[in-house]
Amino acid sequence: MSRFLRRLLLVLAVPAAVGLAGWALRTRPLQVLVAPVVRGPLTVHVAEEGQTRMRDRYVVTAPVRGRLLRIDLEVGDAVEASTTIARIDPLVHESALAEAEASVAEWRAQIQGVDTLRPKEESLREARLRIEVAQETLAAAKAEVGRAQAAHEAARIEARRTQALAVKEAVSDRELVEAQATERVRAEELEAARQRAGVAELLIRVAEAAAGALAREETDPDYLLSVYQARIEAVEAKIRTLRDELSRTNVHSPARGCVLRLFEKSERVVEAGAPLVEVGDRSSIEVVIDVLSTDAVRIPPGAPMEVDWGAGTTRTATVRLVEPGGFTKVSALGVEEQRVNVVADLEKPPEELGDGYRVEARIALWHADDVLTIPVSALFRRDEEWSVFRIDGDRARRRTIRIGHMGDERVEVSEGLEEGDRVVLHPSSELGDGSEIEVAAEP
């Protein structure tokens, strides 16, 4: 190759190398995702978790004290109004009623024979004997109370000892449960012994009253007329109470529904007022959602709600009540929040929903059919103002805007953009005012 040709190639190579270096070092356009500014509907929701609740639910209690017979119902069983759901053994109440009625008959017979009635020595001796027998019965009852107290104290000590050993895992849970059950049984036996002692004391007073009545008959038989009549009235009042208690030994369901809970299943002695069965109406299912108090003030009664319980379908509901009282709740992040319960009625309560089921709800706070909106992901903060990057040819121009209502995915634009404009989604820190861009995708 001649010297001239080599010089020619060198002269041509230098500009080419400079051009290649400039091409390699040039600023490449940033690829961005964009979305148009459009007009359309916008709804602002508040989404929270909650649970279902049966509005019409009843806790059926034992109307009288007595021995509860075994309940044959199971949780989930359907019941009708006035269906017998539990029974108290009526034998004790029937016996007490028969005894009271016999007393009335006795006092009436005494009234009929007042004119010829004169106290006899045999009657007085019998009255004194009744007092002695009642006193002996009381002494035996007190001895039984002493034995029951000793047995209860021993069972209590054993239960505390077993509990202490259970803490050290020296005994099994079963032994602990058995010790605690034994303590409760001894406590019930002690209470029964005390009641029998009380009955014995009552018998003494009755016997002493009878003896006193006989003594008064020796001086004034006619006075017995008012005494017997008063006793008849007292016993008749007791009879009315006993008949009412007897009529309530069959416990009925207060309404149509299903069994939610069985407080008692097996046969045992229960006190009046003890809860037995909880009944609820599945058709009265309502939804209870707890929301932040700042959101609660924006929820009006009648607001629509979408409810999802994980069945693959969504049901609509209507807010019936925003409770006037709030409460404090600790969030998953450990922050104390003021919450308020919002109660809503399902339009068509599904059969598969029960009481206390978890649900997810979205409550509509605001809605408009025709507003200018952009995706929330296009927004960013700059100098305490909301901004977006608006597409201007192949450049991104930062634009300060004013926003209105903000939904889950889109936000209302009050000022700064027009319909048809395009904005950058998820703007990165590399993007600046006037940056050259290349649209990678557009909805």
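**First stop: a buried aspartate**

Select Asp421, which counts as buried because its relative accessibility is 13%; buried means under 20% relative accessible area, exposed over 50%, and partly exposed in between (1.4 Å probe, protein chains only). This is a predicted model, in which local features need pLDDT of at least 70 and side-chain atom pairs count only at pLDDT 80 or more, while totals for chains, interfaces and linings use all residues. Residues are numbered from 1 along each chain as its sequence is written, and side-chain values use heavy atoms, with hydrogens and water left out.

Asp421 is in the loop between strand 20 (410-415) and strand 21 (422-425). Helices (H or I, at least four residues) and strands (E, at least two) are DSSP runs, numbered from the N terminus. Show the atoms around Asp421: a polar atom of its side chain lies 2.9 Å from the backbone nitrogen of Glu418. Not counting residues up to four places away in sequence, Asp421 touches Ala35, Pro36, Val37 and Arg390; contact means heavy atoms within 4.5 Å.

**Two residues with positive phi**

Move to the loop between strand 16 (380-382) and strand 17 (385-392), where Asp383 sits. Glu384 is found in the loop between strand 16 and strand 17 as well. Phi is near 55° for Asp383 and near 65° for Glu384. Most residues other than glycine have a negative phi. Asp383 is exposed, with a relative accessible area of 64%, and Glu384 is exposed at 71%.

**The largest core**

Which residues touch the most other members of the largest nonpolar core? Select Ile299, Met305, Val307 and Ile363, out of the 24 residues in that core. A nonpolar core is a set of buried Ala, Val, Leu, Ile, Met, Phe, Trp, Tyr and Cys residues joined through side-chain atoms within 4.5 Å. Two or more residues come from each of strand 2 (38-54), strand 11 (285-292), strand 12 (304-308), strand 13 (314-330), strand 14 (336-346) and strand 15 (358-375).

Centre the view on Ile363. Leaving aside neighbours within four places in sequence, its contacts include Val44, Val46, Val291, Ile299, Met305, Val319 and Val342. A second, separate core has 18 residues, among them Val60, Ile71, Ile85 and Leu262.

Select helix 2 (residues 91-112), whose 22 residues should span 32 Å at 1.5 Å a residue; the end C-alpha atoms are 32 Å apart, which agrees. The expected span of a helix is 1.5 Å times one less than its number of residues. Buried in helix 2 are His93, Leu97, Ala100, Val104 and Trp107. These residues are on the same side of helix 2, because they cover an arc of only 85° around the axis, taken from the directions from the helix axis to the C-beta atoms. Turn to the face away from the buried side to find the exposed residues Leu91, Val92, Glu99 and Gln112.

Among the buried residues of helix 5 are Leu224, Tyr228, Ile232 and Ile239.

Finish with the open sheet of four strands, in the order 3-10-8-5, with antiparallel pairing. Two strands pair if DSSP finds at least two bridges between them. Strand 3 (57-61) and strand 5 (78-79) are the edge strands, each pairing on one side only. Two bridges join strand 5 to strand 8 (residues 257-262), and Ala78 stands opposite Cys258 in strand 8.

Definitions and conventions:
A polar contact is a pair of N or O atoms within 3.5 Å; within protein, one must be able to donate a hydrogen and the other to accept it, and residues adjacent in sequence count only if both atoms are side-chain atoms.
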